[in-house]
Amino acid sequence: LSRMGLSEIVNSLLLSAEPDHQAQPFDFIVDGELVRMPLHQFLLAKGISAERVLELEYIKAVAPRKQEPPLPHDDWVSAVDGSNPSFILTGCYDGLARIWKDAAECTQVLEGHSGAITSASFINKGVETDGSLHVVTGSKDRSLRLFKFDTSVTIGSSKRIGAYKILPGHTSSIQSIAVDPSRNMICSASWDTTIKLWAVEGSEEDSDTVSVKKRRMNSDASGPEESQLEGSASSTLLGHTQCVSSVAWPEQRTIYSASWDHSVRQWDAQTGRETWNMFCGKALNCLDCGGEGSSLIAAGGSDPVLRVWDPRKPGTTAPIFQFSSHSSWISACKWHPSSWFHLISSSFDGKVMLWDLRTAWPLASVDSHKDKVLCADWWKGDSVISGGADSKLCISSGVEIA
Amino acid sequence: RTTTTTRSAPAPPLTPSTFYLALMGCPCCRRRHRCRSRTVARALAPTPTPTAWRRRMMPRRKRATPPRTRLRRGTPSGTCRSSGTRTRSTSVTTSQRGRSRSGTGRAESTASSAAKITMMTGTRLKIWDDYNAEEVKITKEEAKIISRMMKGKTPHANVDPYPDYVDWFEYADKGHPLSNAPEPKRRFVPSKWEQKKVVKLVRAIRKGWIKFDKPKDEPNYYLLWGDDTDTADNKRQGLSYIPAPKPNLPGHEESYNPSVEYIPTQEEIDNYQLMYEEDRPKFIPRRFESLRSVPAYEKALREGFDRCLDLYLCPRTRKKRINIDPESLKPKLPSKKDLRPYPRTCYLEFKGHGGPVTSLSVEATGQWIASGSSDGTIRVWEVETGRCLKVFNVGADVHHISWNPSPERPILAAIVGRDLLLLNAEVGDEETQVRTKELLHVGEPTPEDDGDKKPAVRWVNNDKFDGITLIHHRAASTVEWHSKGDYFTTVVPTGESRAVLLHQLSKKHSHHPFRKLPGLPVAAVFHPTQKMFFVATKKFVQVYDLQKAEVVKKLESGLREISSISIHPGGDNVIVGSKDGKLCWFDTDLSTRPYKMLKNHSKDITSVTFHRRYPLFASSSEDCTAHVFHGMVYADLNQNPLIVPLEILRGHLSSDRRGVLDCKFHPRQPWLFTAGADSMIRLYCD
């Protein structure tokens with residue numbers, strides 16, 4: 001009796017209860033663990049006596065059910081943000097960030113970077129302030145740019161927008177950016193081993209107090225000349241010895257960073273001090289915080305294993321979960337915005353995998369990419385979006401997570 | 001006196017069968033009448049007393065009359081095979097046996113003869129003997145005996161079965177002794193002779209003639225025919241005795257006449273023929289009527305011959321064989337798990353070149369790599385994604401490429417065609433770019449004062465790539481930077497006295513300090529920390545002191561042709577790869593000869609390299625593999641470097657009989673880049 005047989009039983013029971021029930025696959029949980037093999041094997045593997053009454057909890061199987069048509073780009077898609085339910089933000093290796101409305105059409109092109117965009121993020125995630133959304137992008141040209149775009153743009157024309165603010169200061173390419181939960185600060189991680197914190201609004205309000213800030217005309221911007229602001233970092237977090245590849249800002253006070261120096265560090269955002277340092281033995285490429293109370297850290301790097309640590313556990317650096325179904329480097333990992341158990345990871349082997357903490361097997365594997373997958377994110381809570389080296393943004397929708 | 005013993009049980013009643021037995025003989029032997037009569041008599045007689053025993057032991061008296069007609073008591077034993085102490089119960093057994101056998105007319109005749117006897121009792125004393133077919137007359141005494149027996153009494157009338165007990169020994173003391181003479185005096189006086197004897201013994205003890213703790217006499221006999229193989233003094237000097245294995249004891253099936261269940265059926269014998277020769281049973285039981293009919297051993301001749309052959313061909317000297325566990329000969333190496341991290345698996349491939357990738361170099365921070373190929377391009381790649389950032393189409397074969405080790409100077413030095421090209425890699429921030437551009441600009445070329453001779457190197461601006469071309473007088477082969485990033489060296493193998501050139505980037509100046517070299521130079525490298533310089537020629541490695549401009553050491557490799565050289569970051573250890581697939585590790589403090597020679601590749605080694613942070617080194621070869629080793633150099637000078645082979649990295653394909661052309665470690669991670677002739681660059685990670 002395997003998952004399929006159990007699903008059939010549940011479906012027939014449900015059908016008898018309500019006649020218009022649609023048959024669908026289910027997953028089954030025994031003692032907080034998903035059943036991924038025939039039931040007798042599961043009992044043998046877990047050492048559960050066959051005499052006992054087995055309590056099976058059934059949930060809807062989590063898997064993408066539909067592949068949306070991919071969104072074409074001009075170059076490798078290196079960054080994606082799906083935190084806004086109506087827009088998708090993508091960053092591309094041609095230096096342009098794009099806004100896609102409803103996963104169908106590119107409404108805005110955010111230009112200005114001279115190097116490949118490595119990360120992009122909405123600043124005001126779901127909420128619109130006076131009909132416009134703010135976006136920050138980090139690039140290999142060592143700068144961050146802040147964009148503002150109007151949400152009420154008619155579909156059909158892709159409008160080119162320049163940055164209203166540039167944040168230079170890093171001496172090497174920016175690898176990752178994160179926006180704090182209160183939407184006032186941005187932190188950026190760079191190849192120059194530093195993490196810099198930037199204020200989003202500060203320079204506009206009291207422009208005179210910022211000494212470095214200067215006003216200059218953007219000469220190379222096409223179209224009407226527009227003014228650009230420059231800001232400087234409010235603080236710099238020093239401590240990593242190699243490229244800082246990823247940052248996450250789950251709570252107001254704490255920043256997590258992963259680096260190629262094989263460490264994951266926790267920083268106090270206010271004081272800029274390092275509060276926790278964990279050595280993991282592999283160069284890390286991506287990091288995300290989530291899980292129960294967003295306290296678990298998932299990170300992947302230069303090996304095909306996605307690891308999850310619990311920083312609350314004292315005195316141990318052993319990961320509490322390890323997911324090793326990928327066959328190449330892991331390029332991105334993201335927790336589900338609401339579920340404690342689900343996360344996705346993308347890898348250079350061209351796969352995006354959907355994981356559940358309650359089983360070591362992947363729930364689903366999306367093979368729609370032809371080449372390396374560079375970035376992945378959740379969108380609207382029920383879709384997985386991923387961009388890769390085949391210059392496409394793939395959208396797998398229909399992931400029902402209760 | 002013979003019959004005085006008490007009998008606990010009365011005499012058994014005479015049944016017709018016992019009586020028949022008495023007359024017709026014992027069925028066990030059926031030989032003589034004497035036997036028959038004796039059996040009956042014994043059956044009827046009381047338990048033999050000691051006297052009866054004695055009488056039985058006495059020789060039998062011959063009797064004139066044939067005794068078969070008479071029933072006698074206590075006939076002496078002799079002829080019957082059944083044992084002499086047979087009692088009534090035995091005879092009953094025999095009777096039963098007789099009864100069981102009687103299935104024919106014999107039983108009827110038995111019954112009829114018994115009836116006859118009862119009829120004739122008292123009157124006519126005649127009886128018919130079937131066996132001898134004659135009539136037997138019975139005397140009156142015999143008839144009396146028979147009648148008494150039939151009544152269950154003792155056969156003889158004067159035998160009292162219950163006599164009174166008579167005690168034959170007297171216990172009461174008789175009044176008179178044998179002699180009434182008084183005891184002599186000598187019985188009470190101490191003996192003079194005894195005293196003398198004691199004095200003698202005492203003296204002997206005092207003088208030590210008598211010893212009490214005498215050593216035991218060793219027995220002076222020996223085993224004449226005994227088994228002497230085990231005793232140590234009988235060990236032979238030459239061939240040591242190897243006892244033959246003990247054969248198993250023969251079982252029932254090996255009897256000449258085994259039970260039927262041991263005999264295989266014909267079907268089983270046929271099955272043996274289908275079996276393999278080895279599996280077939282060696283011995284098949286057979287039955288013979290008697291031992292006499294057992295044939296001679298059929299393989300006797302064959303086995304005798306084999307045995308003789310064995311003895312003839314047996315080696316006369318014992319071979320000395322040393323039993324050494326091959327595992328124990330292996331050096332004690334740490335396990336590979338403890339030596340992690342080291343590159344193991346290929347996770348990234350850098351695809352894009354259109355020809356064999358001849359050389360690659362990693363930027364100082366490890367963010368980019370540059371590769372040169374025979375397709376006339378130099379490519380700059382991003383390590384973390386494997387994306388090609390830039391392509392410089394230089395238009396000629398790129399033989400060697402080297403990234404400036406200083407992070408502030410993103411300059412590529414490449415041997416393109418026969419000259420050296422310095423390129424701005426265009427990575428890094430604006431300030432660096434400006435400085436690099438300034439650096440890569442040659443002012444007005446000052447004409448050298450050589451006059452008659454063509455200068456070794458001319459520095460010329462390259463407008464196409466905003467770089468500098470160093471035009472060499474002959475074709476250059478390799479370029480190597482100093483760790484500070486200002487000096488670099490090029491090797492011109494055919495340059496004779498101007499073969500190894502030193503260049504200074506900031507001053508745009510070149511010179512050639514090494515005039516005499518022992519052979520054609522192959523490669524030249526700077527010491528990582530000190531002002532030393534290593535030049536590898538085809539057979540030797542020369543170590544120069546750059547300040548004193550003299551040879552410090554000359555390392556003799558013993559290789560046919562050196563192809564590559566790499567210096568340990570500590571500076572005291574050098575590895576050298578050769579074109580015959582051998583790798584030499586030199587400890588320059590230890591000796592000028594190789595500390596270890598590793599023959600690990602089947603084809604030419606193309607490149608050897610040390611890791612800058614981890615204790616790792618690697619070699620790449622034309623046999624499409626790269627080998628990774630653990631090479632630990634200890635700070636303690638007494639401890640030799642530890643070399644452990646770790647991993648063979650495969651994956652490159654052979655193209656035009658060329659394999660892996662270059663390998664370089666990532667400067668900060670335990671990763672290895674390999675450039676293959678299959679126009680691919682692979683990154684092996686831990």
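Reply: Start with a definition: accessible areas come from the Shrake-Rupley method with a 1.4 Å probe, and for residues only the protein chains shown count as cover. Chain A has an accessible surface of about 16,600 Å². Carbon and sulfur atoms own 50% of that surface.

Me: What kind of model is this?

Reply: This is a predicted model, where local features need pLDDT of at least 70, side-chain atom pairs count only at pLDDT 80 or more, and totals for chains, interfaces and linings use all residues. Residues are numbered from 1 along each chain as its sequence is written, chains are lettered from A and ligands numbered from 1 in the order in which they are written, and side-chain values use heavy atoms, with hydrogens and water left out.

Me: How many helices and strands does chain A have?

Reply: Helices (H or I, at least four residues) and strands (E, at least two) are DSSP runs, numbered from the N terminus. In chain A the tally is 3 helices and 34 strands.

Me: What share of chain A is buried?

Reply: Buried means under 20% relative accessible area, exposed over 50%, and partly exposed in between, with a 1.4 Å probe and protein chains only. Of the 402 residues in chain A, 58% are buried. Now contacts, meaning heavy atoms within 4.5 Å. Take the contacts in chain A with a separation of 6 or more: 49% of them join residues 24 or more positions apart.

Me: Which residues touch the most other members of the largest nonpolar core?

Reply: In soluble globular proteins, nonpolar side chains tend to be buried together. A nonpolar core is a set of buried Ala, Val, Leu, Ile, Met, Phe, Trp, Tyr and Cys residues joined through side-chain atoms within 4.5 Å. The largest one here has 26 residues. A:Trp329, B:Phe350, B:Ile369, B:Trp671, B:Phe673 and B:Leu683 touch the most other members. Two or more residues each come from strands E3 (345-351), E4 (357-362), E30 (672-676) and E31 (680-685) of chain B. Look at B:Leu683: beyond four places in sequence, its contacts include A:Trp329, B:Tyr347, B:Phe350, B:Val383 and B:Trp671. Another core, of 20 residues, lies apart from this one; B:Ile415, B:Leu439, B:Val479 and B:Trp481 are among its members.

Me: What area is buried between chain B and chain A?

Reply: Buried area is the accessible area (1.4 Å probe) that two parts lose on being put together, summed over both. Here the figure is about 2,100 Å², with 47% from carbon and sulfur atoms. B:Tyr347, B:Glu384 and B:Arg387 supply 33% of the area that chain B buries against chain A, more than any other three residues. Each chain brings 26 residues to the contact.

Me: How many salt bridges are there between chain B and chain A?

Reply: A salt bridge puts a side-chain nitrogen of Lys or Arg within 4 Å of a carboxyl oxygen of Asp or Glu. There are 5 between chain B and chain A. One of them, at 3.4 Å from N to O, pairs A:Lys282 with B:Asp686. On the side of chain B that touches chain A, E3 and E31 each supply at least two residues. E3(B) gives the largest share, 3 residues.

Me: Which side chains does the side chain of B:Ser510 meet in polar contacts?

Reply: A polar contact is a pair of N or O atoms within 3.5 Å; within protein, one must be able to donate a hydrogen and the other to accept it, and residues adjacent in sequence count only if both atoms are side-chain atoms. B:Ser510 sits in strand E16 (residues 509-511) of chain B. Its side chain pairs with those of B:Trp459 at 2.8 Å and B:His503 at 2.6 Å. B:Val457 is 53 residues from B:Ser510 along the chain, yet their C-alpha atoms are 7.0 Å apart. Across the interface of chain B and chain A, 14 residue pairs make polar contact, both residues at pLDDT 80 or more.

Me: Is A:His326 buried or exposed?

Reply: A:His326 counts as buried because its relative accessibility is 5%. Its place is the loop between strands E27 (321-323) and E28 (330-335) of chain A. The side chains of A:His326 and A:Ser345 make a polar contact of 2.7 Å.

Me: Where does A:Thr193, with its positive phi, lie?

Reply: Most residues other than glycine have a negative phi, and most peptide bonds are trans. A:Thr193 has a phi of about 70°. It lies in the loop between strands E15 (185-190) and E16 (195-199) of chain A. B:Cys624 also has a positive phi, near 70°. B:Cys624 is in the loop between strands E26 (616-621) and E27 (626-632) of chain B. The peptide bond from B:Arg340 to B:Pro341 is cis, with omega near 0°.
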